[in-house]
Amino acid sequence: MLGAIFGDVVGSRFEWNNIKSKNFELLVSRCEPTDDSVMTCAVAESILSGEDPVAVMQRWGRDYPGYGYGSNFVGWIYSSAPAPYNSWGNGSGMRTSPVGWLFGSLEETLAAAEKYSAVTHNHPEGIKGAQAVSAAIYLARTGSSKEQIAAYLRENFYALDFTLDEIRPSYGFDVSCQGSVPQALQAFLESTDFEDAIRSAISIGGDSDTIAAMTGAVAEAFYGIPDELIDRLLPFVDERMMDVVRRFGRRTGLYPRLQ
């Protein structure tokens with residue numbers, strides 16, 4: 001979960017100012033959480049509490065206005081009768097990291113990814129993006145190798161038939177799942193450690209905060225996050241978000257230093 005928040009915060013300053021390089025300072029004063037972090041916390045709270053995801057996501061969205069939500073999602077947040085709107089946007093993939101940790105089997109993880117996607121993103125591509133990220137997290141945290149993770153993703157979700165070096169010169173802003181989830185997963189697969197995964201994700205440009213959030217979520221499950229990077233992230237995360245992170249940590253055994 002903190003992997004997604006870390007990627008979001010680092011990527012926030014590059015969303016509209018892409019950098020095609022891995023050489024940049026990770027965290028600076030103008031970094032901030034965006035909708036990726038807000039909705040990741042909302043999904044985590046819904047799973048942990050058992051409360052209806054629609055109610056929780058609407059509450060978090062209303063309490064954190066102006067965090068970069070898409071226009072359709074803003075309408076959904078404030079609707080008195082919220083209904084899914086057939087989105088294939090990457091909002092489903094960026095908020096799904098808690099799903100990859102909080103269910104006991106791959107089958108349960110895939111079903112939950114669909115559930116927490118489909119409240120808004122009920123298009124097949126929206127569900128597919130959430131399931132791919134959730135499955136990669138589940139496989140990474142349960143000991144699968146990168147080769148095994150890649151094989152599963154290729155068989156069930158995306159071809160992953162490119163390298164970051166090949167796409168970096170021409171890759172542009174794309175908020176669809178099909179145009180950003182494979183790129184985020186490839187950034188993880190090519191990485192050497194957690195920090196390198198974040199740098200790799202941001203280096204291709206595009207929807208930098210969301211791509212880095214998805215990459216960071218999988219990278220955390222595979223590598224963990226160095227304590228030094230967690231310490232650097234904490235000043236950017238408010239107490240309400242941290243409360244959810246701590247509760248998530250108690251459920252999963254993660255983040256004992258933060259309890």
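**Notebook: aromatic rings**

I began with phenylalanine 73, which counts as buried at 8% relative accessibility. The model I am reading is predicted.

Next I looked at what phenylalanine 73 pairs with. Tryptophan 76 forms a stacked aromatic pair with phenylalanine 73. I noted 5.4 Å centre to centre and 20 degrees between the planes. The pair is called stacked because planes under 30 degrees apart count as stacked.

Where do these two residues sit? Both are in helix H4, residues 71-77. They are three residues apart, so about one helical turn separates them. I checked tryptophan 76 for burial too. Tryptophan 76 counts as buried, at 3% relative accessibility.

Then I counted. The structure holds 12 aromatic pairs. One of them joins tyrosine 69 to phenylalanine 73. Their ring centres are 5.7 Å apart and their planes meet at 35 degrees, so I wrote this pair down as tilted. Is tyrosine 69 buried or exposed? Tyrosine 69 is buried, because its relative accessible area is 13% and the cut-off for buried is under 20%.

I moved on to another group of rings. Trp60, Tyr64 and Tyr67 form one aromatic cluster. Which charged residue sits over the ring of tryptophan 60? I found arginine 240 there, with its charged end 4.2 Å from the ring centre.

My last entry is another charge over a ring. The ring of phenylalanine 24 has the charged end of arginine 199 over it. The distance to the ring centre is 5.0 Å.

Note on methods: Residues numbered from 1 in each chain as written. Predicted model: local features only at pLDDT ≥ 70, side-chain atom pairs only at ≥ 80, totals over all residues. Heavy atoms only, no water. Phe/Tyr/Trp six-rings, centres within 6.5 Å; stacked < 30°, edge-to-face > 60°. Buried < 20%, exposed > 50% of the residue type's maximum accessible area, 1.4 Å probe, protein only. Helix = DSSP H or I, 4+ residues; strand = E, 2+ residues; numbered from the N terminus. Lys NZ or Arg CZ within 6 Å of the ring centre and 35° of its normal.
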